[in-house]
Amino acid sequence: MLYSSIDNKKIKEIKKLNLKKYRDKTNLFLVEGEHLVMEAYKSGYLKELILEQDNDLNLDITTNYVTNNVLKYITNLDTPQSILGICSKTQNDTIKGNRLLILDDIQDPGNLGTIIRSAVAFNVDTIILSFNTVDLYNSKVIRASQGLIFYINIIVMDLTTTIPKLKNEGYQIIGTKVTDGKSLKSIEKKKKFAIIMGNEGNGVREDILSLCDEYLYIDMNKNCESLNVGVATSIILYELDK
């Protein structure tokens with residue numbers, strides 16, 4: 001079917017998926033561009049395909065066509081993509097695996113997307129997000145993850161209750177601190193561990209740090225006071241994957 005009016009009810013419903021509250025209500029989210037659509041399709045998250053008229057992409061899934069003006073109405077991008085997808089959110093609250101990454105109030109969507117890519121690259125099993133971390137289904141997070149959001153277990157939990165449970169299950173809880181920690185090079189990781197990365201401006205919250213078994217920091221040139229949290233996480237995960 002071809003949709004040519006921005007006043008169409010279905011088109012207005014699709015556009016609402018740019019809002020977190022509507023994504024939460026429907027458990028759906030949008031992806032834009034062929035690469036992200038194909039990643040969603042291959043991993044089973046794609047529910048509906050939206051194509052600009054005359055686009056010839058052919059997938060075995062419900063497909064609707066829109067005119068260019070409707071595409072511009074729906075999109076969040078300055079330059080609209082001719083391919084969009086409506087995807088289902090994961091309905092999951094199960095921690096899987098032995099290698100965990102805990103994110104405490106990460107706010108920048110680009111950072112979260114970068115961290116997701118690194119977590120997949122360096123074999124993290126589950127990412128646990130605090131309630132105040134930026135929305136996982138924010139369009140900027142999805143684009144920054146380059147579609148790897150579809151290839152790792154990610155859940156949202158209250159960290160103050162989750163971390164003690166992890167400790168009881170034998171996970172080594174390692175917090176990140178600029179001071180009073182062990183050098184990343186000297187950390188002896190156990191089979192089951194969880195690394196905690198903190199907010200861009202404030203780091204890991206004190207009440208969360210108090211739950212850690214030990215702390216680590218990254219050795220670096222004294223002229224550099226700190227690293228972007230996405231970069232720091234990537235370095236730590238790379239070292240721990242050796």
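Trainee: Quick one to start. Is C87 buried or exposed?

Mentor: C87 counts as buried, at 0% relative accessibility. Buried means under 20% relative accessible area, exposed means over 50%, and partly exposed is in between, with a 1.4 Å probe and protein chains only.

Trainee: And how does C224 count?

Mentor: C224 counts as partly exposed, at 31% relative accessibility.

Trainee: How many disulfides are there?

Mentor: The structure holds 0 disulfides. The cut-off is a pair of cysteine sulfur atoms within 2.5 Å.

Trainee: What sort of model is this, and how are residues numbered?

Mentor: It is a predicted model, where local features need pLDDT of at least 70, side-chain atom pairs count only at pLDDT 80 or more, and totals for chains, interfaces and linings use all residues. Residues are numbered from 1 along each chain as its sequence is written, and side-chain values use heavy atoms, leaving out hydrogens and water.

Trainee: Give me the overview. How many helices and strands?

Mentor: The chain has 9 helices and 12 strands. Both are DSSP runs numbered from the N terminus: helices are H or I with at least four residues, strands are E with at least two. The C-alpha atoms fill a box of roughly 60 × 40 × 30 Å along the principal axes.

Trainee: What share of the residues is buried?

Mentor: Of the 242 residues in the chain, 48% are buried. The accessible surface is about 12200 Å², and 46% of that belongs to carbon and sulfur atoms. Those areas come from the Shrake-Rupley method with a 1.4 Å probe; for residues, only the protein chains shown count as cover.

Trainee: On to the sheet. What is the strand order?

Mentor: 7 strands form an open sheet, in the order β8-β7-β6-β11-β9-β12-β10, with parallel pairing. β8 and β10 (182-183) stand at the edges with a single partner strand each, so one side of each has no neighbour in the sheet. Two strands pair if DSSP finds at least two bridges between them.

Trainee: What holds paired strands together in general?

Mentor: Strands of a sheet pair through backbone hydrogen bonds, either parallel or antiparallel.

Trainee: How many bridges join β6 to β7?

Mentor: There are 4 bridges between β6 (99-103) and β7 (126-129), and the two run parallel. In that pair, L103 stands opposite L129 of β7.

Trainee: Which strands does helix α5 lie across?

Mentor: α5 (109-121) lies across β6, β7 and β8, running at about 175° to β6. Axes are lines fitted to C-alpha atoms, for helices over the stretch in contact, and angles run from 0 to 180 degrees between N-to-C directions.

Trainee: Which ones does α9 lie across?

Mentor: Helix α9 (229-240) lies across β6, β9 (172-176), β11 (193-197) and β12 (214-217). Its angle to β11 is about 160°.

Trainee: What does its side chain reach?

Mentor: The T176 side chain reaches the backbone oxygen of I196 at 2.8 Å. For a polar contact, a pair of N or O atoms must be within 3.5 Å; within protein, one must be able to donate a hydrogen and the other to accept it, and residues adjacent in sequence count only if both atoms are side-chain atoms.

Trainee: Switching to A194. Where does it sit?

Mentor: A194 is in β11, and A194 is buried at 0% relative accessible area. Beyond neighbours within four places, A194 is in contact with L100, I102, Q172, I173 and I174.

Trainee: Last topic, backbone angles. What is phi for N27?

Mentor: Phi of N27 is near 60°, a positive value in a residue other than glycine. N27 lies in the loop between α2 (20-26) and β2 (28-32). It is partly exposed, with a relative accessible area of 31%.

Trainee: What about phi of Q146?

Mentor: Q146 has a positive phi of about 55°, and it is not a glycine. Q146 lies in the loop between α6 (139-145) and β8 (153-156). At 39% relative accessibility, Q146 counts as partly exposed.

How values were computed
Contact means heavy atoms within 4.5 Å.
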